[in-house]
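Hi,

Here is the structure we talked about, for you to open and click through.

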Amino acid sequence: MTTDKSAQPRVLIFDTTLRDGEQSPGATMTHAEKLEIAQMLDEMGVDIIEAGFPIASEGDFAAVSEIAKRSQNSVICGLARANYKDIDRCWEAVKHAAKPRIHTFIGTSPLHRAIPNLTMDEMAERIHDTVTHARNLCDNVQWSAMDATRTEHDYLCRVVEIAIKAGATTINVPDTVGYTAPRESADLIRMLLERVPGADGVIFSTHCHNDLGMATANSLAAVEAGARQVECTINGLGERAGNAALEEVVMALKVRNDIMPYRTGIDTTKILNLSRRVSTVSGFAVQFNKAIVGKNAFLHESGIHQDGVLKNVETFEIMRPEDIGLFAKNIAMGKHSGRAALRAKLKELGFELADNQLNDVFVRFKALADRKKEVYDDDLVALMQDQGTSE
Ligand code: KIV
Ligand code: ZN
């Protein structure tokens, strides 16, 4: 295990909230909102921002162009299908960036090959021609084999080799329909690294969807097998059940760095703010028990847990809330809360009670908690004032 973090392999974080995330039905963002989110992603240390799909609409083109012009640190990437028109339009938008990237893709699995009705050879030729075209425009080209996890291995190796020879600098291996599982995700990356000539000269990327709830696990397994770019979105926003959540991938690599010794460039203290902003502008509420950024992710209600965290926070917390930018209290008062939590909470509110007073208040607090889902600070103050025990 490497304890010197700077010596650990660096995993690039590719955020696609503004492209795959915005493809969630109903998650459309305005131009101004996209610029704001892109700036926040850039400030947080995201390596690559996929800012949109320039040929999809005038609005997408304008947003990608403006984000490219304003970008400070991040590579700015646009998506393009495997045709010259898409690629040219993408380049027109991203070329303003200090660090532009063209991301072109085609579905390589049998199901996806059937849609444009291309034979394997015809598709291979299309990949060669379009990646060559993109590379003539831009030094930084990502090629994706859409539905890679359901593509025949021999064919996948063949087309990845073609894309590398044509000049792709990043090869993305998407689990487009969230079908894979961690061991298979790792095996696929390992297989490509072993079998494809030239694989050691490019970055392999993982792009996992969450249809079976395994997007984060699949992404991490791919990293352990050699992927050095993870594609993800804030709050796991994305098509259907979403994409791998940036906050989960990044915090897993931070908290379990002992067993997954890879570093990212993300300033994790900015995660919560970004999560809240993306939730507001997309209109997608974050579920209460969502890992890392859910309202309840750092809250304790039961007496045993509250007593534990009051004595030693590590009893029930595996990461520090301030590491994601959360500074609020971690105790939620409800019917499962115990005396220790009530005493601590009342002290925080300015009420220091003798044991007999606490016993009395505790009985009335439990009765109130039985009637209410959550007991707020104001309820406790009212409870104390009713009794006149304020000091
Ligand atoms: O899920 C997917 O395959 C994609 C590609 C466009 C990369 O989003
Ligand atoms: Zn996707």
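Let me start with Ile292, which counts as buried because it has 25 C-beta neighbours inside 10 Å, and 20 or more is enough for that label. Ile292 sits in the loop between helix H11 (271-282) and H12. Its phi is near 70 degrees, a positive value in a residue that isn't glycine.

Before you go further: this is a predicted model. The average pLDDT of the protein is 95, and 98% of the residues score at least 70. For the complex, the predictor gives an ipTM of 0.99 and a pTM of 0.91.

You'll find Asn117 in the loop between helix H5 (110-113) and helix H6 (120-137). Is Asn117 buried or exposed? It counts as exposed, because it has 7 C-beta neighbours inside 10 Å and the cut-off for exposed is 12 or fewer.

Now the overall picture. The protein has 391 residues, and buried ones make up 45% of them. Its secondary structure comes to 15 helices and eight strands. Along the principal axes, the C-alpha atoms fill a box of roughly 85 × 45 × 40 Å. If you take the contacts between residues at least 6 apart in sequence, 72% of them join residues at least 24 apart.

Which residues are around ligand 1? They are Asp20, Phe105, Ser144, Met146, Asn172, Pro174, Thr176, His207 and His209. Strand E5 (141-146) and strand E6 (170-175) each supply at least two residues of that shell. Sorted by class, the shell has three nonpolar, five polar and one charged residues.

Thr16 lies between strand E1 (12-15) and helix H1 (17-21). Thr16 is buried, since 27 other C-beta atoms lie within 10 Å of its own. Leaving out residues up to four places away in sequence, Thr16 touches Gly21, Glu50, Glu231, Thr233 and Asn243. Asp88 is 72 residues from Thr16 along the chain, and their C-alpha atoms are separated by 20 Å.

The other one is Pro261, in the loop between helix H10 (246-255) and H11. With 17 other C-beta atoms within 10 Å, Pro261 is partly exposed. Pro261 and Asp4 are 257 residues apart along the chain, yet their C-alpha atoms are separated by 9.5 Å.

Last, a helix pair. Helix H12 (residues 303-311) packs against helix H13 (residues 339-348) at an angle of about 55 degrees, and their axes are 8 Å apart. The two helices are therefore oblique to each other. On the H12 side, Gly303, Gln306, Asp307 and Leu310 make the contact, and they meet Ala340, Ala341 and Ala344 in H13. By class, this contact has four nonpolar, two polar and one charged residues.

That's what I have for now.

Cheers

Definitions and conventions:
Residues are numbered from 1 along each chain as its sequence is written. Chains are lettered from A and ligands numbered from 1 in the order in which they are written. This is a predicted model: local features need pLDDT of at least 70, side-chain atom pairs count only at pLDDT 80 or more; totals for chains, interfaces and linings use all residues. Axes are lines fitted to C-alpha atoms, for helices over the stretch in contact, and angles run from 0 to 180 degrees between N-to-C directions. Helices (H or I, at least four residues) and strands (E, at least two) are DSSP runs, numbered from the N terminus. Angles under 35 degrees count as roughly parallel, over 145 as roughly antiparallel, 65 to 115 as roughly perpendicular and the rest as oblique. Two residues are in contact if their C-beta atoms, placed from the backbone, lie within 7 Å. Ala, Val, Leu, Ile, Met, Phe, Trp, Tyr, Cys and Pro count as nonpolar, Asp, Glu, Lys and Arg as charged, and the others, Gly among them, as polar. pLDDT is the predictor's confidence in each residue, from 0 to 100. A residue is near a molecule or strand if its C-beta atom, placed from the backbone, lies within 6 Å of it.
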